[in-house]
Amino acid sequence: TCPSGAQHGSLALVSASCVRSCSTYTCTSGVLKPNPESVPCPNSSCNFNACCNSFCSTFTGCSTGYILKSSPESINCNSATCTRDICCDVSCDLPTFTECSTAGYIARQPASSIKCPDSGCDSDTCCFATCDNEEFT
């Protein structure tokens with residue numbers, strides 16, 4: 001058997017030798033991986049990447065033109081650092097989307113909270129037609 005109770009991971013029997021596991025590691029963000037007593041720490045040095053999972057619910061990096069995906073608490077970044085690609089969808093305030101600024105359209109508000117379809121932002125999703133729109137003449 002192996003001694004246990006050390007801070008930042010206890011020693012556990014893994015592959016016939018004692019190595020530190022994540023069982024007593026505290027994740028400052030994210031959550032401890034399932035069955036932490038069986039998760040070995042690399043070089044017996046427990047750290048966030050070895051012991052914790054990050055979820056998009058704590059991600060704050062969706063910048064202008066992006067919106068946090070639906071149900072972010074269920075999106076696991078798989079112990080990697082959460083990124084915009086993993087946690088965010090494109091929104092109607094994407095700077096390169098300019099269709100709403102053409103004559104006959106006005107942007108739906110707030111554009112920053114409207115998710116664009118997977119095919120990309122379009123005037124049906126992001127804009128209202130105005131009375132001077134060619135559809136009404």
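Predicted model: local features only at pLDDT ≥ 70, side-chain atom pairs only at ≥ 80, totals over all residues.
**Disulfides, cores and charges**

Arg-108 lies over the face of Phe-128, 4.2 Å from the centre of the ring. The structure holds 9 disulfides, against 1 salt bridge and 0 aromatic pairs.

**Cys-56 to Cys-87**

- Here the two sulfurs of Cys-56 and Cys-87 are joined in a disulfide, with an S to S distance of 2.0 Å.

**Cys-77 to Cys-82**

- Cys-77 pairs with Cys-82 in another disulfide, S to S 2.0 Å.
- The torsion about the S-S bond of Cys-77 and Cys-82 comes out at about 105°, so the disulfide is right-handed.
- As for solvent, Cys-77 and Cys-82 are both buried.

**Cys-100 to Cys-127**

- In the disulfide formed by Cys-100 and Cys-127, the sulfur atoms are 1.9 Å apart.
- Cys-100 is found in the loop between strand 6 (88-90) and strand 7 (105-107), and Cys-127 in strand 8 (residues 127-129), so the pair ties together parts that are 27 residues apart in sequence.
- With a torsion of about -90° about the S-S bond of Cys-100 and Cys-127, the disulfide is left-handed.
- Cys-100 counts as buried at 12% relative accessibility, and Cys-127 is buried too, at a relative accessible area of 4%.
- For contrast, take a cysteine on the outside: Cys-131 is exposed, with a relative accessible area of 74%.

**Nonpolar cores**

- The largest nonpolar core has 10 residues in all, and both Cys-100 and Cys-127 belong to it.
- Other cysteines in that core are Cys-92, Cys-116, Cys-121 and Cys-126, and the core also takes in Leu-94, Phe-97, Ala-111 and Ile-114.
- Phe-97 is worth a click: setting aside neighbours within four places in sequence, Phe-97 is in contact with Cys-92, Cys-121, Asp-122, Ser-123, Cys-126 and Cys-127.
- Apart from this core lies another one, of 9 residues, including Cys-22, Tyr-25, Cys-46 and Cys-51.

**Charges and rings**

- Back to arginines and rings: besides Arg-108 over Phe-128, Arg-84 has its charged end over the ring of Tyr-66, at 3.9 Å from the ring centre.
- Searching the whole structure turns up 1 salt bridge, and Lys-115 and Asp-118 make a salt bridge through their side chains, 3.7 Å from N to O.
- How exposed is each partner? Lys-115 is partly exposed, with a relative accessible area of 37%, while Asp-118 is exposed, with a relative accessible area of 79%.

How values were computed
Residues numbered from 1 in each chain as written. Heavy atoms only, no water. Disulfide = S-S within 2.5 Å. Buried < 20%, exposed > 50% of the residue type's maximum accessible area, 1.4 Å probe, protein only. Helix = DSSP H or I, 4+ residues; strand = E, 2+ residues; numbered from the N terminus. Phe/Tyr/Trp six-rings, centres within 6.5 Å; stacked < 30°, edge-to-face > 60°. Lys NZ or Arg CZ within 6 Å of the ring centre and 35° of its normal. Core = buried A, V, L, I, M, F, W, Y, C linked by side-chain atoms within 4.5 Å. Contact = heavy atoms within 4.5 Å. Salt bridge = Lys/Arg side-chain N within 4 Å of Asp/Glu carboxyl O.
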